Amino acid sequence: MPELNVQAETQERDRHSHHHGHDHHEKAVKRSWKDSNFYGVMQRFAKNKVSVVGLIIIILLVLTAIFAEQIAPYNYRRIDPAHANQLPSAAHWFGTDAQGRDIFSRIVFGARYSLSIGVIASLVGTLLGILFGALAGFFGGWVETVILRICDIIQSIPNILLCICVSQVFGSGFFATAMALSVYSIPGTTRLLRATMMSVREQEFVEAAKAIDCSPMRIMFKHILPNCMAPLIVSFSMAIGMKIMSSAGLSFLGLGIQEPIPEWGAMISAGRRYLRVAPHLVIFPGLFVALVVLSFNLVGDGLRDALDPKLRK
Amino acid sequence: MENANQKSGRLLSVQNLSVQYEANNEVVKAVNGVSFDLNYGEALGLVGETGAGKTTIAKAILRILPDPPAKLTGGKILLDGENLLDVPADKMPEIRGQRISMVFQDPMTALNPVKRVGWQIAEGIRLHEHCSKAEANERAKEILKLVGISEDRFREYPHQFSGGMKQRVVIAIALACNPDLLIADEPTSALDVTIQAQVLEMMGELQKAKNSALILITHDFGVVAKSCDKVGVVYAGEIIEFGTIRQVFEEPKHPYTKGLFEAIPSMSLDVDRLSPIRGLPPDPTNLPSGCKFAPRCKYRTERCRQAVDEHDFGDGHRCRCCMYSEEHGEGGK
Amino acid sequence: MTRYIIKRLLMLIPVILGVAILIFTIMYFTPGDPVKLIAGDTMTAEQHDQIAHELGLDQPYFTRLFKFLKQTFIDFDLGTSYIDNSSVSQQLFTRLPRTAIIASVCCLLQIIIAIPLGVTAATHQGGFLDSFCIVLAIIAISVPSFWIAMMFILLFSLRLDWLPSFGIDHWYSYILPCAANCLMGLGSTARQTRSQMLEVIRSDYVVTARAKGVPERTILYSHALPNALIPVITHLGTQFGSALGGTVVIETVFSIPGVGYYMTNAISNRDYPVVLGGVTLLAVLFCLVVFLVDLIYAFIDPRIKAQYEGSQKKRLKKTEKRGKAYA
């Protein structure tokens, strides 16, 4: 709910092309058509250096998750009480935890859990949001009213509270947590899709499509949905970061994924008791949560700017 | 209402003004060497197609072009002999609204939605005349009446006004401090046809009454004929023909101007087909060298691709076309 | 205005009822047997059934739902905790101020820190200050609050020994929890303010103001800011919800006896009355704040105000339509 709302931000040049105003209107129209293609978007994304850095970090983390076995210097489950709570050293880059497990190896394996839970939860949330948003936008009337009122209700519960409650229904496993995390982003996506559909529906090309007798389904899939893609992509990429953070929060409260799974939030939760004697137990996993969330936010920002000509009205 | 000290003589002189937009490694040459003069009390119409650079000329005079991307690359704008381009940026607000003011194209977005209409009119007066709030409000009410809006709407918000009424308010804001020069950028193109005439007429009357000069930007020759003394035809950032209404309307010289007149349906003549000008205006990022109109011109010669001359027909009637230069011989018709 | 207030208040009722029903339903489907958690595993089936009967757990869904709704909204009684038989309402109301203070301070900080920051960034667009604010803001929204809370404890409590690391016995006990909890909101409000400001600075009416000779500073604060703040105010409303949610986690870090800490413990114990009461209470609080924000919003934006002051239906529809387009 907080960051998902796609809001327009920075990107000087598009605003400028706006500013040439009516005098260069024709050119602007031509350009915005050109902008809409994939290549153009990628090109503009590539110009945004900070976002590219974010993307590179994400790619590195994904590779880390895939090749965790090769990268991790130790077995992340190997308990070694003799070397518990050791500070970072050449042998253990990030030190060891209370049971003597190598923190670096655990973080490497934890990337699997954190990344996949983020992606799965956002995917489920976005898909369900699309479904409900499309239903609301397509049928209108009472269907729309009911869906929107339910969104109101869900959004009046602070989202971490909702996650806490829902995670109890599904249990504390991996998929259960993913489901719980997906719930709170449904209303946001639903509203987003509905709002975009409403604004797209009123535009003239849809009128034109109706005029040449396109079927409603065709209008929906060929004309309306592609135009909703830009805000959805942005909200999706932002959501991944938010989910990873919430997942860590749930684990921290002891409700999401639990020890001994090396999920980063769970590691922070486990390390909390040793904050005084071994702060690195908390510092390193937290840094990684922050890093991955930051990267997804940067990519989201970059995508939004790159896709902007369609986001802004 | 009549000002006792009617000023006369040269008010504004734009010389060789050039503006370009720089963005995305692209340079859009929006205005290319525009020159014209304007006297007190005169009305000039700038006519041209969308994208010809009319609005840019207007905004350049007020120096409200967004920078970046807009860059003034050359020329002078003399207001009573003082070059506006040399005025430091923080002194410009004293000139804007006070000596030059502007009416914008779209009244729907030109007013601040959270401020009362009266406040928006009075603000300019308060700033320029350095008078008390009450005084400014009194003046604003008078101006509101002048543009035909009842005084008791003074405390209303813009959303409570219709499009035509909003444009009246915008005009009231522009005229609040009796500017010497009023620039109206397509002031009626966002309005209904019936209201267009009213607004234009009102603006013309006020301009005459206050002895302001007027630059009216439009793409409608009819409007120009009705409310202007002089006309400049703008094409691809240049004024290709300039003269009095009579000169230009009765004896258009430039092939483009001629083409425009031929494309206007006439009530008196019964023509089967209007003759449009073929082709499109040139891409402002890639202007042709020589005459910018050459690619579309029926009379073009090899020479047009290299250079273009300005020809003066006397009495201020001038035209940028090779057709009238020595080598080409007189009268290309 | 009165009409608007009444209408908004009436609209709150179904939402709050909906929240109560939703949470009740979620808890109904939650696996786990509170009876076992209360009495332990060593009891006969009869004992089990008896306790379940006493708690009303053997009744069908709708009976329990209506009983819960009646108790909550008509008798204003949230029942007693399964664990220690204390009155949930009493417990919640002694704890609520702490939670509410943390959340409110967070919102207050956003107003006095994040909004000026966003405006500064927007007015120095492209410059050093802008980049600095952008970077700060995006880092702020990316750092988990519970982690930064622990970092604060590490630095300010354990190393420097300036501030307490747990409890809420003094006014200065609030400093660390509030600081940790507000960070994310600060970032997102600053970003929102900046982008709104940039949007507004480029609008036509700002050009109008410039053309009538208003100095840049006045344009910024008198013409642009009020317009830019309208969406930011709505954003602040939702931020209060996030701050409430954040408080739940932060209370655990600092062991603050607030509503959140009480509830997170209750959840693992399947202490239904506490969870239901707590969530409903926080949701009501959130709804009230959003309601207040809407009032402020209407006060600032004459277009909304006019809907309810004038009786012209046409005008109302027009503005509504516009409102929807923005939604």
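The legends below describe close-up views of a predicted model.

**View 1. Chain C as a whole, built from helices.** In this predicted model, chain C holds 14 helices and zero strands, so that the order of elements from the N terminus reads α-α-α-α-α-α-α-α-α-α-α-α-α-α. Taken along the principal axes, the C-alpha atoms of chain C fill a box of roughly 85 × 60 × 30 Å. Chain C has 327 residues, of which 46% count as buried. Where contacts in chain C join residues at least 6 apart in sequence, 72% of these contacts link residues that are at least 24 apart.

**View 2. The two domains of chain C and the contact between them.** Chain C is divided into domain 1, which takes in residues 1-83 + 273-327, and domain 2, which covers residues 88-268. The C-alpha centres of domain 1 and domain 2 of chain C lie 26 Å apart. In the contact between these domains of chain C, 21 residues of domain 1 meet 20 residues of domain 2, and the side that belongs to domain 1 is made up of 14 nonpolar, five polar and two charged residues.

**View 3. The contact of chain C with chain A.** Chain C gives 50 residues to this contact, and chain A gives 46 residues. On the side of chain C, the elements that give two or more residues are helix H1 (2-29), helix H6 (128-142), helix H7 (145-159), helix H8 (175-201), helix H10 (216-254), helix H11 (259-268), helix H12 (272-300) and helix H14 (313-326). By class, the residues on this side of chain C divide into 31 nonpolar, 14 polar and five charged.

**View 4. Asp80(B), a loop residue with a positive phi.** Most residues other than glycine have a negative phi. Asp80(B), however, is not a glycine and has a positive phi of about 50°. The residue Asp80(B) is placed in the loop between strand E4 (70-79) and strand E5 (82-83) of chain B. Asp80(B) counts as partly exposed because it has 13 C-beta neighbours inside 10 Å.

**View 5. Asn178(B), in a loop between a helix and a strand of chain B.** The loop that holds Asn178(B) runs between helix H6 (163-175) and strand E7 (181-185) of chain B. The phi of Asn178(B) is near 45°, which is a positive value in a residue other than glycine. Asn178(B) has 18 C-beta neighbours inside 10 Å, and therefore counts as partly exposed.

Notes
Residues are numbered from 1 along each chain as its sequence is written. Chains are lettered from A and ligands numbered from 1 in the order in which they are written. This is a predicted model: local features need pLDDT of at least 70, side-chain atom pairs count only at pLDDT 80 or more; totals for chains, interfaces and linings use all residues. Two residues are in contact if their C-beta atoms, placed from the backbone, lie within 7 Å. Helices (H or I, at least four residues) and strands (E, at least two) are DSSP runs, numbered from the N terminus. Ala, Val, Leu, Ile, Met, Phe, Trp, Tyr, Cys and Pro count as nonpolar, Asp, Glu, Lys and Arg as charged, and the others, Gly among them, as polar. Domain bounds come from an automatic or database domain assignment. A residue is buried if 20 or more other C-beta atoms lie within 10 Å of its own, exposed if 12 or fewer, and partly exposed in between; C-beta atoms are placed from the backbone.
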